[in-house]
Amino acid sequence: MKSGKCLLLAAALASAVLSAHAQSVPKPKEFYFDEDKSTARPIIVVEGEGEPQVQALVRERERGRRHVEATAQLAHIAAAEGRAELADQLYLQAVSATEAKGTVGRAIRWNYGWDLYRAGQFEPALMQWSEIVTAYGSPSWAPPTLALVLWRLDRKQEAVAWFGAAVRTEPGAWMDARNFASRLPDWRQEDRDMLAEVLGAWQANPPVWP
């Protein structure tokens, strides 16, 4: 019964996330020097693939000390398989068990954001990433990532403002789109191409700081 209530709660939370509109985003700071490697990483509790990996994760989720991370990895696997409803249920269980400012909580929200983004759920993805940025420091992944998703949402002025934070922080890295493949090796080429559009808009009218 308890498990069933958890699933119902997760489903309700998923519905709330997926129906989010006009997600507010914090204004960019001047610089974002924190590499924040503990956040911008895949969550891997069990190596492997296929059913053996899933079963090992289920056991880890039920009895292991990293049950929250195991839940997040299962959610990512579900998302990769196109099982969006299950992915939302599992991710939101993991999100509800963590804080956005904590190491594990940040990593879960960062991964959830990318799985939502790849599924075309741009507003909910922005919600996850914005929660981290609001709660924690100045992570270097934030300016290009938020610029990308805001551009997708046709919030172009905000996208350019966030890209401006990337340029202020590392001008040699972000003022030439030819650097994007090495700077963003895990991004799809279509997303690097879209960030190049943001760069073009920034070059046409660089925002003034502050």
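## Contacts around T71

Two residues are in contact when heavy atoms of one lie within 4.5 Å of heavy atoms of the other. By this rule T71 touches R61, L90, Q93 and A94, not counting residues up to four places away in sequence. T71 has its place in helix 3; helices are DSSP runs of H or I with at least four residues, strands are runs of E with at least two, and both are numbered from the N terminus. T71 counts as buried because its relative accessibility is 5%. Buried means under 20% relative accessible area, exposed means over 50%, and partly exposed is in between, with a 1.4 Å probe and protein chains only.

The model is predicted: local features need pLDDT of at least 70, side-chain atom pairs count only at pLDDT 80 or more, and totals for chains, interfaces and linings use all residues. Residues are numbered from 1 along each chain as its sequence is written, and side-chain values use heavy atoms, with hydrogens and water left out.

## Overall fold

The protein has eleven helices and zero strands. Of its 210 residues, 45% are buried. Among contacts between residues at least 6 apart in sequence, 60% join residues at least 24 apart.

A79 also belongs to helix 3. A79 counts as partly exposed because its relative accessibility is 26%. Leaving aside neighbours within four places in sequence, A79 is in contact with A87 and D115. The C-alpha atoms of A79 and R118 are separated by 9.1 Å, and these residues are 39 apart along the chain.

## Helix 6

Helix 6 covers residues 122–135, which makes 14 residues. From its first C-alpha to its last it reaches 20 Å, close to the 20 Å expected at 1.5 Å a residue; the expected span is 1.5 Å times one less than the number of residues.

How many of the 14 residues of helix 6 are buried? Ten are, so the helix is mostly covered. Among them are F122, L126, W129 and V133. Just after helix 6, G137 takes a positive phi of about 45°.

## Aromatic pairs

Rings of Phe, Tyr and Trp (its six-membered ring) pair if their centres lie within 6.5 Å; planes under 30 degrees apart count as stacked, over 60 as edge-to-face and the rest as tilted. A search of the whole structure finds ten such pairs. In one of them, Y117 and F122 have ring centres 5.1 Å apart and planes at 55°, so the pair is tilted. Both Y117 and F122 are buried.

Y117 and W129 also form a tilted pair, with 6.2 Å from centre to centre and 40° between the planes. This pair links distant parts of the chain: Y117 is in helix 5 and W129 in helix 6, twelve residues apart. Y117 and W129 are both buried. Ring pairs join W114, Y117, F122, W129 and W187 into a cluster.

## The largest pocket

A pocket is found on a 1 Å grid over the protein atoms alone, as an open set of points with protein on both sides within 12 Å along at least five of seven lines; a cavity, in contrast, is a set of points where a 1.4 Å probe fits but cannot get out. Lining residues have an atom within 4 Å of a point. The largest pocket has a volume of about 830 Å³; grid points are joined across faces, edges and corners, and the volume is the space filled by probe spheres set on them.

The lining has 35 residues, and A40, R41, W110, D186 and W187 lie nearest the centre of the pocket. Which helix gives the largest share of the lining? Helix 5 does, with five residues.

## Loops and the chain end

L153 has its place in the loop between helix 7 and helix 8. L153 is partly exposed, with a relative accessible area of 24%. Leaving aside neighbours within four places in sequence, L153 is in contact with F122, E123 and L126. D154 lies in the loop between helix 7 and helix 8, and its phi is near 65°, a positive value in a residue other than glycine. D154 is exposed, with a relative accessible area of 55%.

D36, in the loop between helix 1 (2–18) and helix 2 (50–63), has a positive phi of about 50° although it is not a glycine. D36 counts as buried at 3% relative accessibility. A cis peptide bond joins W209 and P210, with omega about 0°. P210 lies in the segment after helix 11 (189–204).
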